[in-house]
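User: I would like to learn how to read a structure like this one, feature by feature. Please give me the general idea each time, then the case at hand.

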Amino acid sequence: MSVREVVVLGTASQVPTRHRNHNGYLLRWDGEGILFDPGEGTQRQMLRAGVAAHDLNRVCVTHFHGDHSLGLAGVIQRINLDQVPHEITAHYPRSGQRFFDRLRYATAYRETVALTEAPIDTDGPLAATPAYTLEARRLSHPVESYGYRLTEPDGRRMLPDRLAAHGVKGPDVGRLQREGSLDGVSLDDVSEVRRGQRFAFVMDTRLCDGVHALADGVDLLVIESTFLDQDTGLATEHGHLTAGQAARVARDAGVRHLVLTHFSQRYTDPEEFERQARAAGFEGELTVAHDLLRIPVPKRR
C-alpha cells in the first residue's frame, strides 16, 4: 500500500528550542522520499522518526540560511556512510552554490553515492516522474529563496454504473483503460477525471506571487508562520509570514489541509497560531506542527 505523508523533523525558526529542532521535513510519496530544508540536527531527528538515509531520493533546499541548510553536511555524509544504492538529487538556489559546496565537503569522508546537483535559477519544473511533477517558484526573502510544489498527474476514475450501462465488464475494462476505446465505447463514456494529489512547501518569505502560485489548489500546504499577527511589521521586515497571512493564502487558494510551522522562539503558546489562522477565515483541516509529527496527504476527493 502506497504511503503519502509528511514527517515533521523540526519546526523551529532561527534557533532550536528545548522542544523544537531546526527545520526538516520528509515527504513520503509512494516509494520515494523528498527531504526539505535539513537544518542542524536533522540526522538525529531522522533517527528518532524512523527515517533512514535509504528513504531519500531528493533533497530540496529553499535557501541558505542556517536553520534550513546546516544539516546538509551530516545528511550527505550519512547517505554515503550507509552506501545508499540509488541516485539522490539535490535542488537548491544556484546563487548559493558556494554554500552547498562547503556543506557537501565540510569534512573528509568517502564518497560512495551518486549525488546529482540540480541548482535552480528560475521558476518552473525541476523533475517529472510517473508519480509526480516537481516545480519551484521564487519567493521573497532577504536571500534568494524558492518554494516547491509537487503535482500528481490526473488519472481516470471508472464509473461502475456507466460501465454496466455500456456492457463493459471483466478484462474489457482493462482493455478500455489501455486503449481509450472499445467497440464504440470511449473512456470518456464510462469514467471521469480523477484529480491528482498536490503538495506545496513554502518557507521563509513575505507575501508574493510565488506563495499564491505554490498554494493554489493543493491538498496539503506546509507553510511558515514565523510570527503572530501583532508582529506583522517584523514579519515583513525580515521576510516572513504571520499565522493570519498564511491562513488567508490557504483560504483563498482552496487548500484542504494547512500545516503551520517554523515558529519564532519568542512565542510560548502554539495554540495562538491556530486561533489566529481560524480568525483569518481558514475553515479546512489545520495543524500547528510539532516535531516528529506525521501528517498524511488528504485522500483524493
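This is a predicted model: local features need pLDDT of at least 70, side-chain atom pairs count only at pLDDT 80 or more; totals for chains, interfaces and linings use all residues.

User: What does the secondary structure come to, and how compact is the chain?

Analyst: The chain has eleven helices and 18 strands. Its radius of gyration is 21 Å, close to the 19 Å that the globule rule gives for 301 residues, so the chain is as compact as a globular protein of that length. The C-alpha trace spans about 65 × 50 × 35 Å along its principal axes.

User: What share of the residues is buried, and what share of the contacts links residues 24 or more positions apart?

Analyst: Burial is judged by relative accessible area, with under 20% as the cut-off. Of the 301 residues in the chain, 54% are buried. Among contacts with a separation of 6 or more, 67% are between residues 24 or more positions apart. As for the surface, the accessible area is about 13,600 Å², and carbon and sulfur atoms hold 48% of that.

User: How many residues of strand β1 are buried, and which strands does β1 pair with?

Analyst: Strand β1 covers residues 4–10, and seven of the seven are buried, so β1 is largely enclosed by the rest of the structure. It runs antiparallel to strand β2 (residues 24–29), with six bridges joining them; V7 has L26 as its bridge partner there. β1 also pairs with strand β18 (residues 294–296), again in the antiparallel sense, over three bridges.

User: Is V288 buried or exposed, and which residues does V288 touch?

Analyst: For a single residue, place it in its element, then look at accessibility and contacts. V288 is in strand β17, residues 285–288. V288 counts as buried because its relative accessibility is 18%, and the cut-off is under 20%. Leaving out residues up to four places away in sequence, V288 touches L260, F263, P270, F273 and E274. P270 is 18 residues from V288 in sequence, while their C-alpha atoms are 7.0 Å apart.

User: Which residues of helix α3 are buried, and what follows α3?

Analyst: For a helix, list the buried positions and then look past its end. In α3 (residues 72–81), the buried residues are L72, A73, V75, I76, I79 and N80. Q83 follows α3 and has a positive phi, near 50°.

Note on methods:
Residues are numbered from 1 along each chain as its sequence is written. Side-chain values use heavy atoms; hydrogens and water are left out. Helices (H or I, at least four residues) and strands (E, at least two) are DSSP runs, numbered from the N terminus. The radius of gyration is taken over C-alpha atoms; the globule rule is 2.2 Å times the number of residues to the power 0.38. Buried means under 20% relative accessible area, exposed over 50%, partly exposed in between (1.4 Å probe, protein chains only). Contact means heavy atoms within 4.5 Å. Accessible areas come from the Shrake-Rupley method with a 1.4 Å probe; for residues, only the protein chains shown count as cover. Two strands pair if DSSP finds at least two bridges between them.
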